[in-house]
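Visitor: I would like to learn how to read salt bridges in a protein model. Could you take me through it slowly?

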Amino acid sequence: MSLDERRSHWDLKYEQGLPSLEKPDPFYLSAFDQFVADSFPKGGTALDLAGGIGRHALWLARKNWQVTVVDISDVAIRKLEQKAQQLGLTLELLAFDAKEYPFKPACFDLIVMFYHFDRDICPRVLSTLKPGGILICKSSLSWGSYEGAAPVSIKPLMRGEILSMLPSLQVMHHQERPVRDRGVVEYVGKKPSGVFVGAHSSHGD
């Protein structure tokens with residue numbers, strides 16, 4: 001599926017409505033309370049990759065976080081902009097594929113990635129996380145054999161693969177379990193305070 005086809009696919013889905021993506025994921029809420037809240041009591045800077053209509057971004061913004069949302073769907077970004085205005089919240093909204101986002105070094109205290117784990121951008125994701133910053137991630141997992149048309153870089157992760165893709169983070173939480181015909185991985189990692197920008201580069205792209 002090409003970039004334009006994926007954009008059209010998600011535009012259509014968001015036009016039709018995705019009620020399941022309107023409320024924060026329970027794992028996200030528990031991970032934030034357990035691993036993020038005490039470290040950033042006054043908020044911080046957050047990047048929500050493939051953030052959709054903002055179920056996590058709006059929740060963060062209410063807690064005084066400065067949030068950047070990147071999503072491939074123009075429809076999702078437009079809907080999120082309208083919702084943020086209604087709530088009196090300010091977000092930085094970008095209708096980009098995650099690959100197109102210009103990741104800047106050591107920019108964010110928190111990165112949220114839910115159901116869009118792109119292997120190709122892992123080094124850039126790690127580089128834009130500040131020392132001491134936290135990544136909360138949930139993604140599809142191949143529990144058996146996977147047959148699908150997704151590009152190789154965003155096919156469901158293999159069991160245990162997330163640990164090899166994020167080698168410079170300290171693992172704070174990692175759970176993999178079967179769900180229906182596939183699995184899910186839930187992960188929280190922290191960038192050690194002594195890791196400087198570029199320290200991840202030896203792991204390759």
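Predicted model: local features only at pLDDT ≥ 70, side-chain atom pairs only at ≥ 80, totals over all residues.

Visitor: What makes a salt bridge, and how many salt bridges does the count come to?

Guide: The general idea is a side-chain nitrogen of Lys or Arg that lies within 4 Å of a carboxyl oxygen of Asp or Glu. By this rule the count here comes to seven.

Visitor: Which residue forms a salt bridge with Lys 138, and where in the chain do the two lie?

Guide: The partner of Lys 138 is Asp 25, with 3.0 Å between their closest N and O atoms. This pair links distant parts of the chain, since Lys 138 belongs to strand E5 while Asp 25 sits in the loop between helix H1 and helix H2, 113 residues apart.

Visitor: Are Lys 130 and Asp 109 buried or partly exposed?

Guide: Here the cut-off matters, because buried means under 20% relative accessible area. Asp 109 has 11% relative accessibility and therefore counts as buried, whereas Lys 130, at 27%, counts as partly exposed. Their side chains meet in a salt bridge of 3.7 Å, N to O, which joins strand E5, where Lys 130 lies, to strand E4, where Asp 109 lies.

Visitor: Which residue meets Asp 120 in a salt bridge?

Guide: That is Lys 99, at 3.7 Å from N to O, and the two residues are 21 residues apart in the chain. Asp 120 is partly exposed at 44% relative accessibility, and Lys 99 is partly exposed at 31%.

Terms used
Residues numbered from 1 in each chain as written. Heavy atoms only, no water. Helix = DSSP H or I, 4+ residues; strand = E, 2+ residues; numbered from the N terminus. Buried < 20%, exposed > 50% of the residue type's maximum accessible area, 1.4 Å probe, protein only.
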